[in-house]
2 protein chains.
Amino acid sequence: MDIRYIRLGIMALVAGWISAAAAQTDPLPSWNDGSAKQAIIAFVTDVTREGSADFIPEPERIATFDNDGTLWIEQPIYVQFAFALDRVKALAPQHPEWKNTQPFKAVLEGDMATLAAAGEKGDVEIVAMTHAGMTPAEFQQTVKEWLTTAKHPRFGRRYDELVYQPMLEVIAYMRASGFKTFIVSGGGIEFMRAFAPERYGIPPSQIVGSSIVTTFERRDGRPTLFRLPKVNFVDDGPGKPVGINQHIGLRPVAAFGNSDGDLEMLQWTTDAGKRRLGVIVHHTDAEREYAYDRQSKVGRLDKALDAAALDRWTVIDMKRDWKTVFPAGQEDRGR
Amino acid sequence: MDIRYIRLGIMALVAGWISAAAAQTDPLPSWNDGSAKQAIIAFVTDVTREGSADFIPEPERIATFDNDGTLWIEQPIYVQFAFALDRVKALAPQHPEWKNTQPFKAVLEGDMATLAAAGEKGDVEIVAMTHAGMTPAEFQQTVKEWLTTAKHPRFGRRYDELVYQPMLEVIAYMRASGFKTFIVSGGGIEFMRAFAPERYGIPPSQIVGSSIVTTFERRDGRPTLFRLPKVNFVDDGPGKPVGINQHIGLRPVAAFGNSDGDLEMLQWTTDAGKRRLGVIVHHTDAEREYAYDRQSKVGRLDKALDAAALDRWTVIDMKRDWKTVFPAGQEDRGR
C-alpha cells in the first residue's frame, strides 16, 4: 500500500505554523472579526479551560467536519462526481460499447440532462465501472493520479487546492486545543482517504464516509481486499449520526456542516444539554466562490438553515466572515 | 452519554508505570525470557529505529489486537455470551412466557445442550432480547453494571479483571513506541466500548467489532440512535481485514490473535513483503488459565496454528512465556 500522507500537506502546515506562531494572539488569521469567529474561539476557550463550567475532558473533545462544501469546494458538481465522469472518459477506449449504452453515452457526449434523467440507477452503473472491481489501494492510487491532473472548470486549479483556508485554520486550532478531528462526509470513504490525510492532517482512521461493499478474497493465493459494485453504507443525513456512532463511538461536541445532509449530525451533536458547537458554512460569496442555499441541487441548505436559527448554531457568512477563501496567494489564479 | 473511560484502568496504569520506569531495561516484566518476548521486542526496536532497513514511519505503526482469548479470558464461554445469558435471567420476570419458549426456557433452566441445539437462530433471538431495543448508551450502561457484579465461575473475579497482564504490557509498550493500538474483535463493538477504553486505554474510535444495525430516529422530538435486532457486520475471520479497512484504512504492521477467527487478519498483516509481526497467543496453561487449541469449541486454534508455522508468526506459549497471567497479586484469589 502506497502511503504518502506522512507529510502533512503544505496548506495544513501553513495553517499549523500560523496557529503555533499566533496562538496567543489570533488562531484564525484568515477570519474577519465577527460573531462566527468569536463563537468558535469562545467555545474552544471555554470548554478547554480547567475549572470552567463548560470544561470538556480531552478524550471527549470530538469534532466532526463534513467535507464537500465545508472543507473544500462542491460546485458546480461534487468533486467525486467529476472524478467519476473523467474516469468514464478515460476508460472509454476499453469499452467501445459505451458509445451506444446509457448512461455512459451521455457522459461521453457531455449530455448532462440525459445523465441526470438516468437518476440513481445511472449513478450506480457509473460507480460500478469507476469505483469497484479493484482493491482499495488501487482505487486510491487512481484518485491520487486524477487529482494531480484534473482542474476545476472555473478556477483552473487542482481540486485539492480548492480547500477553505479558514477551515484549515479551524482544524489546526481545534487539534492544538486537544480536539480529535474527524471528517464525516457523504462522500466515499476511500475517495477521501486518497487526499484528506495529506490535505487536512487527518489520518485514514478518522475519516467516516459512504462506502461500497469490500470483500476479503485470496487472489493468486494472496490475501486481498476487493471492492464490489454494491452500496454498503450511505453516510449522509440520518446516516451521519449512525456512521459517527459506528466509527467514533462518542457523540461529538462540535460539528461543522453546510447542507441539509448535515442536519441530523448537527442536531445530534448539539442536543446534549451542555455547551456544544454547531456550525454551518453558508456559501454567500458568488465573487470568490459560489452563492447558494435553499434552491441548490448540490449542497442544498434549507432545513438546516431553519434549524440553525432555532438551535442557535453558528452560521458562517462566507463573504463577510472569511478574509480569504482558498489558501493564500493563489486564490485568483486561473479565474 | 456517561463516559468513564477518561481514567485509564488501574491495570493499564500499572503496566504504563512499569513500562515507563523500566523502558531501558525491560518493557515486558511479566514475560519470561524466551523467543516470544524476544521477537516482540526485536520487532518494535527494529521498526522504530531511525535509519533501520525495517523502519516504519509513525503514522503507519498500526497494531491490531483480537480481544477474546488474546487480551482477556474466553473460557468456558465468551464473556459476552455470559452477559447475554445473565440478561435473559434478569429480564425473565418481565417475560413469564419465556418459561415455555425456547431458547429462553433452556437459558432459564441452564440446559446448555438444548441451547446449543437452538444454534444460530437461538443466538439471534437471545441477542435481540438482550442487545437490541435500546440506545447504544443504554446498552453500554447495562454492560457496565453487569461487569460490576458478574463473576467468572472458576476464578470468582470480575470478568474485566481477567485480562492478561503480559498483553497489557505489550499494548503499553507498543503505544509508548509510537504505535496506534486497535482492538479488532469478533465481539460486539458496543459491548467492548463499555470496558475496553478504561481497561486497555484504547479509545472507542479504535475499537473494531461486530455490530447490529443502529438507526437514527426522533424519539419525543429528540435525535436518538436505536439498536435493532438485525446483524450489521460480523468482524470475524475474513471479516477482520474488511473491518480493519473500513475503520482504520491502513493495513496493520502488527497483529495479535489466538484463534482461527484471527487467521485472515494475521495473513493480511504479514503478507506485505516487509518486516511485520504476527503473534498467536497459544493457551497452554490449564493450571493458571486454560489449555485448548485444535479441538476447542470456543476459540479454536487449528488452521491458524498451522499457518503460524508456515508464515513464521510468533506463537506465545502461555505456560512457558508468561510469568503471570492475570494482573499481579490477585491471580490466585477465588480459585
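1. Polar contacts between chains A and B. The interface holds 18 residue pairs in polar contact, both at pLDDT 80 or more. A polar contact is a pair of N or O atoms within 3.5 Å; within protein, one must be able to donate a hydrogen and the other to accept it, and residues adjacent in sequence count only if both atoms are side-chain atoms. The side of chain A that touches chain B divides into 20 nonpolar, 11 polar and 9 charged residues.

2. Basis. This is a predicted model, where local features need pLDDT of at least 70 and side-chain atom pairs count only at pLDDT 80 or more, while totals for chains, interfaces and linings use all residues. Residues are numbered from 1 along each chain as its sequence is written, and side-chain values use heavy atoms, with hydrogens and water left out.

3. Salt bridges. The rule (side-chain nitrogen of Lys or Arg within 4 Å of a carboxyl oxygen of Asp or Glu) finds 2 across the interface. A:R222 and B:D271 meet in a salt bridge at 3.0 Å, N to O.

4. Extent. Contact (heavy atoms within 4.5 Å) takes 40 residues from chain A and 40 residues from chain B.

5. A:H152. This residue counts as buried (under 20% relative accessible area, 1.4 Å probe, protein chains only) because its relative accessibility is 2%. The side chain of A:H152 reaches the backbone nitrogen of A:F155 at 3.3 Å. Not counting residues up to four places away in sequence, A:H152 touches several residues, including A:Q75, A:R157 and A:Y290. A:Q75 is 77 residues from A:H152 along the chain, yet their C-alpha atoms are separated by 9.3 Å.

Conventions. Chains are lettered from A and ligands numbered from 1 in the order in which they are written. Ala, Val, Leu, Ile, Met, Phe, Trp, Tyr, Cys and Pro count as nonpolar, Asp, Glu, Lys and Arg as charged, and the others, Gly among them, as polar. Buried means under 20% relative accessible area, exposed over 50%, partly exposed in between (1.4 Å probe, protein chains only).
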